[in-house]
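Let's take a friendly walk through a protein model, one step at a time. Keep the structure in view and follow along as you read.

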Amino acid sequence: MTMAMSTSTSTSTSTIVTSTLTTLAETTTAMAPLTLTSTPLTTPSGTEIDALTMLYPPLVVFAAALLVLVLPRIVGFAVGALSLASVVAVALFAPDGVLLSGTFLAFEVQPFFLDDFSRLVALGLGFLGTFAVIYAYSSDASRVMTAFALAYVSSAIGAAFAGDWLTLVFMWELMAITSTLLVWHYGGDAVRAGYRYAIAHGIGGSLVLFAVTAHYAVEGTFLYGEPASISTGAGGIPLLLAVLGIGVNVAFVGFHTWIPDTYPRPHFAASVFLAAFTTKTSALILYRAVPEGGNTYLAYMGGLMAVYGVCFALLQHDMRALLSYHIQAQLGYMVAGIGIGTTIGVAGAMGHLFNNILYKSLLFMAVGIIIYRTGENDLYKLGGLWREMPITAIAFAIGALSITAVPGFSGFVSKGMVLDAASGYFGGPEHRALYWLLFIGAIGTFLSFIKLGYYAFLHGPADYEVKDAKSGQTVAMLSVGGACLVLGLPAIGWPVFTDLLPLIDGSGFAGPEGPETLDPYSTGHLMDAAILLAVSVVGFKIIRKPLSKLDLPDPAFALNPATFYVGRGSMLAVTETYRAVDAAAVGFVRRCYWVGNNPTIAVDRAARRLPDRFVRVEERHPANGGHPSRIHLRASIGLTILLVTVLLTIVVWLLV
Amino acid sequence: MSDALSEAIPVLLVAAPILAATLPLVFGLRFDRAGWLFTTLTTSSLFVATVVLATVVYSEGTVIHQLGGYPRAYGIELVADRLSTTIALLVTGTSAGVLAYTRLGGPRGNTFYSGYLLLVGGLLGLTFTGDVFNMFVFLEITGLATYALIASGDGPESAVAGLKYLIVGTVGASLYLLGVGLLFMATGTLNMIELAEAIPQAQGGYENTLVRAAFAFVFVGFAIKVAQWPVHAWQPDAYQHAPDGVTPLVAALVSTVSAYALARVMYTVFTVDFLTQTPYAREIVITVGAVSVVAGSTLAVIQRDVKRMLAYSSVSQFGLVVAAYGLVTETALVGAVIHLVGHGIMKAGLFIAAGVIALGYGARTVDEYAGLAARRPVVAGGMAVLLIALIGIPPSVGFVGKWYIALGAVQAEVWSVAAVIFLSTMLTLAYSARLLEKMYFTPANWLEDPHAPDADVVATDGGSGPGLTRQSDRARPDAVSIGMLSIVVVAAVLAVALGFSGDLFYDWLEPFVSEVFN
């Protein structure tokens with residue numbers, strides 16, 4: 001009987017539980033935190049384009065990242081490369097506007113937003129990513145590492161496509177996490193560097209988060225530029241926080257140590273990914289935060305970054321560290337362009353961003369093959385490799401000529417635009433000092449790539465007998481290098497490139513003094529390039545010997561121990577304060593409780609501490625087995641009347 | 001309802017209990033138990049009449065009766081506005097409710113019930129009077145009836161406590177009378193409404209020395225009556241040593257109505273302008289109140305006798321009310337009135353519960369309450385709910401009052417009062433938690449032990465139990481009636497239910513308060 005009853009009870013209970021769960025599930029569905037709607041677009045281009053916009057590219061790439069883990073290696077990598085190729089298609093053919101919008105936690109979000117800026121960046125990232133996956137395939141990259149890399153790429157593309165700050169912060173943090181995993185996956189030295197990398201991005205991400213929150217508090221929306229950007233809207237401290245937070249990612253001087261610290265350490269194929277995605281996406285976000293430009297501080301920070309970067313690049317003899325410092329230097333040109341904020345400046349910055357994705361990764365690929373074949377990172381231990389690996393040497397040469405802005409290569413066009421913006425070539429404000437900073441940066445770039453090329457490929461006979469690049473690596477390098485070359489060709493190549501740029505239509509654009517036409521191959525520009533080249537070649541002859549003996553550490557690396565000790569100190573301070581407060585509170589409550597339960601003993605002890613003049617405490621001898629006896633606090637009638645008189649006197653004295 | 005009839009209700013409310021006070025004595029000559037019956041009939045009808053009066057006040061506004069038809073200038077007025085009607089409801093309701101305990105719990109005898117009715121009459125007179133001298137008269141009637149009731153306890157301590165209250169309370173009333181005399185010298189009138197107009201027109205207006213001195217005397221006089229630290233000394237003795245049936249009435253009503261009278265004099269006679277324009281006036285009121293809150297709660301924490309602990313708790317709760325008066329904001333005044341009513345209900349319930357426990361369980365000290373919940377679940381539960389309400393945990397009337405007072409303190413930007421409210425809540429929690437812990441979580445093992453160590457404590461704690469008896473000997477479980485338990489439960493339910501009526505209270509008092517503040 002009892003059994004039956006208990007069974008029926010449990011049955012009914014489980015029924016209730018089930019129905020509760022069902023209700024809960026329905027409620028959850030109804031209150032789903034993320035609701036997204038694809039905006040139907042009526043473009044004449046047809047159904048293929050509609051199909052392109054149906055899928056959210058970062059999700060496609062992320063799905064590919066998961067597939068890489070489970071599919072056979074070659075199929076998985078192919079899927080990864082194709083997913084990134086689809087990003088290129090989206091960037092080229094999808095229409096402008098908000099392609100995906102919705103609400104997340106009751107906030108309006110636009111995770112898929114296309115304009116000329118995100119289109120250009122996504123094009124670069126997708127194109128490079130496709131070949132980076134091919135490169136990774138033939139570079140013996142493991143499937144797990146490639147999965148991390150693809151997840152990282154997907155979050156970077158998500159950040160580029162973001163149309164609001166909330167999505168951006170989400171993607172931004174995801175990018176930090178996935179890239180840290182990518183670094184960690186290599187193990188060894190990379191682990192500790194990965195920690196420092198994670199801390200740097202954690203701080204930067206927090207700053208951005210603060211800024212975005214403050215921006216929301218002022219504007220009431222997370223959407224970009226509605227009604228104002230961070231610089232015109234919230235301004236002040238939020239703007240400073242945003243710029244500093246993004247500054248960590250775009251390697252402001254002093255905030256840059258994570259690049260040369262981290263990028264030389266993981267697998268050389270991972271470096272190719274790392275070099276392209278975080279910093280370039282962040283430069284786009286910097287533009288989103290300060291689209292108006294005209295920020296002289298920011299522009300000069302760019303100039304300083306260019307000079308600082310090349311100086312320390314020149315001093316490096318680890319090949320990837322040298323390239324890492326060049327990331328900072330190249331970002332300097334982008335920051336300068338965004339900071340100047342004129343049409344030519346912003347367009348130049350974006351163009352340089354695009355080119356940088358290509359040639360910087362190309363350089364990392366080439367250097368990666370040297371490391372792959374020789375196992376050597378140190379430049380001074382290499383030499384004469386052009387005989388051993390001519391394809392790699394050619395790829396390196398294309399990358400180097402692009403980054404040094406030699407006429408005929410894409411870097412020449414975009415770097416020229418930034419320099420024009422600084423010199424006020426097309427009207428607008430003139431920043432003479434900035435121009436010279438960027439010019440010095442250009443010389444330094446020449447010098448360091450002459451150094452890299454000289455020591456790796458030319459200097460002396462080869463100590464190694466090694467094979468050249470594998471076929472996949474060759475395909476990747478020559479494709480990316482081909483793009484660098486084609487987009488910079490005189491007369492036919494560069495207008496294709498400039499047409500891709502935002503704010504520029506074909507080669508014409510609206511300058512401050514009326515319509516202007518770009519002319520990168522004007523005599524002046526060519527003269528400048530020739531001067532640069534001449535100065536650099538002569539300069540390298542002079543400084544080569546002293547340079548090889550010089551070993552100057554980057555003073556900014558002092559930040560690493562400083563961050564550690566400050567972090568440890570503040571952590572200890574917080575926990576110790578918390579512990580002290582906790583102990584004090586618990587002790588106080590416990591003491592109060594004890595006093596409440598033992599009032600007589602408490603009063604007795606308190607009285608003993610007072611001088612005998614005030615309170616004379618007699619030894620108590622409780623007669624009832626130690627139980628405290630009573631306290632006599634009763635005021636007599638007379639004392640009460642006295643107190644009444646005293647109180648009345650005080651009140652009358654105060655009032656009358 | 002005709003105007004004449006509704007105007008007559010305040011007079012009836014004051015005169016009826018005083019006249020009825022003679023009945024127990026007269027009929028007592030023939031019938032032993034006539035007193036309880038007459039008192040119950042009288043107080044219940046008074047309650048009904050007050051409810052009727054409240055509906056009239058609600059629908060038609062303030063009811064004013066001029067005694068004997070003499071005009072305001074030299075006659076006496078009885079005024080039933082929203083504030084006085086609220087207090088009258090508390091007085092009549094509580095006095096009717098406490099009778100549920102006294103029927104079997106005692107004290108017995110017809111003289112007691114005469115005093116009881118006299119006290120009710122005095123309190124209602126104090127509530128309705130619109131004349132400051134008349135207020136003194138009712139203060140004395142109330143006082144004398146209270147002295148008699150307190151002294152009606154069995155032991156010698158009751159007599160001493162009664163004497164102490166007699167002397168100290170009379171000093172308080174005398175100070176009030178001196179203040180009234182000074183006011184009369186300054187203005188030549190005794191009617192409250194006329195005084196409010198006459199005081200600003202006195203020579204020097206609010207700076208008139210007589211007026212200011214009058215305020216000082218009146219305030220200190222009431223500070224004694226309301227039992228503010230350090231002139232509270234009569235109150236713990238009186239509450240502790242009064243018979244268990246008297247304490248609920250005295251604790252719930254006497255100081256409450258005095259506190260109401262203080263508000264009436266401060267806000268209707270002296271007016272908000274006087275309080276805000278006189279230097280130190282607000283500060284004095286706030287300081288006395290705030291100090292009482294802290295001192296009262298601290299003293300309550302260290303008490304071992306439950307009734308005495310609750311008495312000190314009253315010092316602290318009235319301190320909160322007085323401090324709220326000193327804030328001079330609408331919200332704080334509403335909060336003070338709510339807290340007066342709420343405290344009256346909660347303390348009546350708590351003292352009845354303490355009486356029931358003493359009667360049926362023989363427990364009087366905190367230690368003796370050990371294991372109570374298991375043996376007397378109903379009364380322990382009622383007491384627990386009332387204690388929790390007293391702390392001010394929502395939903396309870398204690399929370400509503402404290403909330404409005406705290407809100408008023410924040411509005412007036414008097415952060416010290418806000419801090420004191422927080423502190424008092426903590427201290428209230430401390431002494432309530434002691435009792436709750438004893439009742440619910442401490443087993444009562446020693447009860448079975450004939451050589452219990454605490455037996456001595458009982459002997460030396462000075463409780464009103466007769467001499468050297470053990471707690472278990474004092475317990476008379478069969479003496480506890482259903483009526484006693486139900487009135488505790490009713491008080492507990494009311495304390496919680498009124499916790500949902502904060503807005504109702506506010507809307508009800510709002511017309512009065514906004515009139516005072518304009």
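Of the 656 residues of chain A, 47% count as buried, a label given to a residue with 20 or more other C-beta atoms within 10 Å of its own, while 12 or fewer makes it exposed and anything in between partly exposed, with C-beta atoms placed from the backbone. This is a predicted model, in which local features need pLDDT of at least 70 and side-chain atom pairs count only at pLDDT 80 or more, while totals for chains, interfaces and linings use all residues. Residues are numbered from 1 along each chain as its sequence is written, and chains are lettered from A and ligands numbered from 1 in the order in which they are written.

Now find helix 3 (residues 57-70) of chain A. Which residues of helix 3 of chain A are buried? They are Pro57(A), Pro58(A), Val61(A), Phe62(A), Ala64(A), Ala65(A) and Val68(A). These residues lie on the same side of helix 3 of chain A because they cover an arc of only 150° around the axis, taking the directions from the helix axis to the C-beta atoms. An α-helix has 3.6 residues a turn, so residues three or four places apart point the same way. The buried residues of helix 3 of chain A pack against helix 4 (73-93) and helix 6 (143-161) of chain A.

Next, look at where the chains meet. The contact takes 30 residues from chain B and 20 residues from chain A, where two residues are in contact if their C-beta atoms, placed from the backbone, lie within 7 Å. On the side of chain B that touches chain A, helix 9 of chain B gives the most, with nine residues.

Val220(B) shows this meeting in detail: leaving aside neighbours within four places in sequence, Val220(B) is in contact with Val644(A), Leu647(A), Leu648(A), Val651(A) and Leu175(B). Val220(B) is also among the residues with the most contacts inside the largest nonpolar core, which has 205 residues. Such a core is a set of buried Ala, Val, Leu, Ile, Met, Phe, Trp, Tyr and Cys residues joined through C-beta atoms within 7 Å. Helix 15 (residues 330-361) of chain B supplies the largest share of this core, 21 residues.

Conventions
Helix = DSSP H or I, 4+ residues; strand = E, 2+ residues; numbered from the N terminus.
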